[in-house]
Amino acid sequence: MDERTRLPVASDEELELRDRDVMNLLDQLELYTLRVGKGTANQKDYWLFVHKSMKSGLLMTKAMEKYLNYKLQGLGAKPQD
């Protein structure tokens, strides 16, 4: 139990499963954004936005950062801090 927040502390396995679920959700949101944006949105901007949002919201885990850096590298983009 984390006494600051009074929430149960997740195990590494639970965090890994949560990260995988979040990664899958982000992939689905990317497809939706690109379909709805019809040329006004692109993958590079989407993943830069996700990276910046997760980093600034303190939502970035090591696994998520590795995944996002992999995505950005594949798109020829560098994370913006």
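Buried means under 20% relative accessible area, exposed means over 50%, and partly exposed is what falls in between (1.4 Å probe, protein chains only). This is a predicted model, where local features need pLDDT of at least 70, side-chain atom pairs count only at pLDDT 80 or more, and totals for chains, interfaces and linings use all residues. Residues are numbered from 1 along each chain as its sequence is written, and side-chain values use heavy atoms, with hydrogens and water left out.

**View 1. Lys55 and Glu65 join helix H2 to helix H3.** Lys55 is partly exposed, at 33% relative accessible area, and Glu65 is partly exposed too, at 27%. Their side chains meet in a salt bridge, 3.0 Å from N to O; the term covers a side-chain nitrogen of Lys or Arg within 4 Å of a carboxyl oxygen of Asp or Glu. Because Lys55 sits in H2 and Glu65 in H3, the pair ties together parts that are 10 residues apart in sequence. Helices here are DSSP runs (H or I, at least four residues), and strands are runs of E (at least two), numbered from the N terminus.

**View 2. Here are the other salt bridges, from a search of the whole structure that finds 3.** Lys71 pairs with Asp27 at 3.3 Å, N to O. This one links distant parts of the chain, with Lys71 in helix H3 and Asp27 in helix H1, 44 residues apart. Lys71 is partly exposed, with a relative accessible area of 22%. Asp19 and Arg18 form a salt bridge as well, their closest N and O atoms being 3.0 Å apart. Asp19 is buried, at 5%, while Arg18 is partly exposed, at 36%.

**View 3. The largest nonpolar core has 13 residues.** Such a core is a set of buried Ala, Val, Leu, Ile, Met, Phe, Trp, Tyr and Cys residues joined through side-chain atoms within 4.5 Å. Leu26, Trp47, Val50, Met54, Met64 and Leu68 touch the most other members. H1 (12-37), H2 (43-56) and H3 (62-74) each supply at least two residues of this core, and the largest share, 5 residues, comes from H2. Zoom in on Leu26: leaving aside residues up to four places away in sequence, Leu26 touches Tyr46, Trp47, Val50, Met54 and Met64. Contact here means heavy atoms within 4.5 Å.

**View 4. Tyr46, Trp47 and Tyr67 are linked into a cluster by ring pairs.** Rings of Phe, Tyr and Trp (its six-membered ring) pair if their centres lie within 6.5 Å; planes under 30 degrees apart count as stacked, over 60 as edge-to-face and the rest as tilted. The structure holds 2 aromatic pairs. Tyr46 and Trp47 are edge-to-face, 4.9 Å centre to centre with 85° between the planes. Trp47 and Tyr67 are edge-to-face as well, at 6.2 Å and 80°. Since Trp47 lies in H2 and Tyr67 in H3, this second pair ties together parts 20 residues apart in sequence.

**View 5. Follow helix H2 along its 14 residues.** From its first C-alpha to its last, H2 reaches 20 Å, close to the 20 Å expected at 1.5 Å a residue (1.5 Å times one less than the number of residues). The buried residues of H2 include Leu48 and His51. After H2 comes Leu58, whose phi is positive, near 55°.
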